[in-house]
Amino acid sequence: MGTTIEFYDFYVYATAAISVFPMLFFHSASDTGALLASLATFGVAFVARPVGSVVFGHFGDRVGRKATLVASLLTMGIATVVIGFLPTFYQIGVFAPALLAIMRFCQGMGLGGEWSGASLLAGENARKGKRGFDSMWPQLGAPIGFALANGFFLFLTVSMNYDSTSATTNHTFLVWGWRLPFLFSSVIVALGLYVRFKLEETPAFQVSKQRGEVVKAPVAAAFRTSWRQIIQGTFLMLSTYTLFYLMTTWILSYAIGKTEAGFLGIGYQRFLIVQIITICAFAVTIPISGWLGDKVGRKRFLTGTTAAIMVFGLTFQFFLDPARVGTGASADIARITVFMLIGMALMGLTFGIQSALLPELFPTNVRYTGSAVAYNVSSILGAAVAPFIATWLATTYGPGWVGVYLIAMGACTFVACLTIPETKDRELDTIGREAVEVVPEREMAAID
């Protein structure tokens, strides 16, 4: 429930960053310039995510998983609702994109603390031998939140008769309709808070606290005792992040754009339908990923999936060449739908097992911080710049080079997979205990 809400908030911004913000918040001499400026604010959240991982990881490893998850949800939800009230560039000038960037930073902080807490909550309560499958449930928040966000935008554009490719379109959506998905966040955040207040603390954290292993400075302890695992975790997520933001944010701009770059020019509504249909492949393959991760092992499964992602990178030119797909005909829609289905299925396979794998690399007393830092530093390298780099590559050299970019990121993850041990049979409360520092009783009292 919580990750669905968090990802909904995040993707509402991602969708608006392509379809709305370039026109309302950024003034540029060209359509591409406004789009790139909007994507830059989209990337601000990924800079904020490591900050959120440090802040929320600190309290998650000291105070507990439950209270930290409540705080991360509030941070994300309040920032999203405020975006729904922001004035545009035409009302307050350059202050509009500045305020937008600040709220985007707060969104990033909230999500920076969200994923690890939710994954730990699931994994530290998992059944024996089923941790891969049990840990994948928070991962389902990503496709569900994405579908809700895009579904809301699709409903609004249809009901308000808005089509970005039509000269006679109704502009009610641009005047105020785009604000509704952001304001609706307040309703679902209230639901999420209700769920999270009913949670109980995880057994692994309670055991760690009873042993006196809770540290005053989890960030320092994580980098001192688990720096190798942080580096490994960062690169393990790299191809996952790159693939996802190519399949969601960049592909939306490439598909609906009809700029001087000569993108595909598919109608906004039509492409939203394609995204909502293909996100089902993402949702379906996440449980498969968790199940196979338990059966064949995390390392072997992720290595094979990463190799498949690299092969998929070779198909970009075939599927996305504007000379073949630039007419908006039914055959073009079918071609890009197949492309999206393959990409989203691979995304579910690589993403589903990460919520078990990354926490399994770290001892309990720095698990929240370590997994959060690795996950969110990877977001800068693999997600923050991905839409920007892909837009530049597609504009300058064509879509085939976007596939080359994905292959390069996949190669980094492939190497990282080779360096990690198999973790599926590890007991969470014994991982890395030889490096765990026992805190004196006086200091434990101060922490309490």
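This is a predicted model: local features need pLDDT of at least 70, side-chain atom pairs count only at pLDDT 80 or more; totals for chains, interfaces and linings use all residues.
Residues are numbered from 1 along each chain, and side-chain values use heavy atoms, without hydrogens and water.

**Whole chain.** Show the cartoon. You get 24 helices and zero strands. These are DSSP runs: helices (H or I) of at least four residues, strands (E) of at least two. Of the 448 residues, 59% are buried, meaning under 20% relative accessible area with a 1.4 Å probe.

**H1 and H4.** Select residues 2-19, then 65-83. Helices H1 and H4 pack at an angle of about 30°, with their axes 10 Å apart. That makes H1 roughly parallel to H4, because angles under 35 degrees count as such. Axes are lines fitted to C-alpha atoms over the stretch in contact, and angles run from 0 to 180 degrees between N-to-C directions. Now show side chains. Residues of H1, including Phe10 and Tyr13, meet residues of H4, including Leu73 and Met76. Contact means heavy atoms within 4.5 Å.

**Alanine 416.** Go to helix H23, residues 400-419, where alanine 416 sits. Alanine 416 is buried, with a relative accessible area of 7%. Leaving out residues up to four places away in sequence, alanine 416 touches Gln232, Phe235 and Leu236. Last, pick glycine 233: its C-alpha atom is 8.0 Å from that of alanine 416, although 183 residues separate them along the chain.

Terms used: Angles under 35 degrees count as roughly parallel, over 145 as roughly antiparallel, 65 to 115 as roughly perpendicular and the rest as oblique. Buried means under 20% relative accessible area, exposed over 50%, partly exposed in between (1.4 Å probe, protein chains only).
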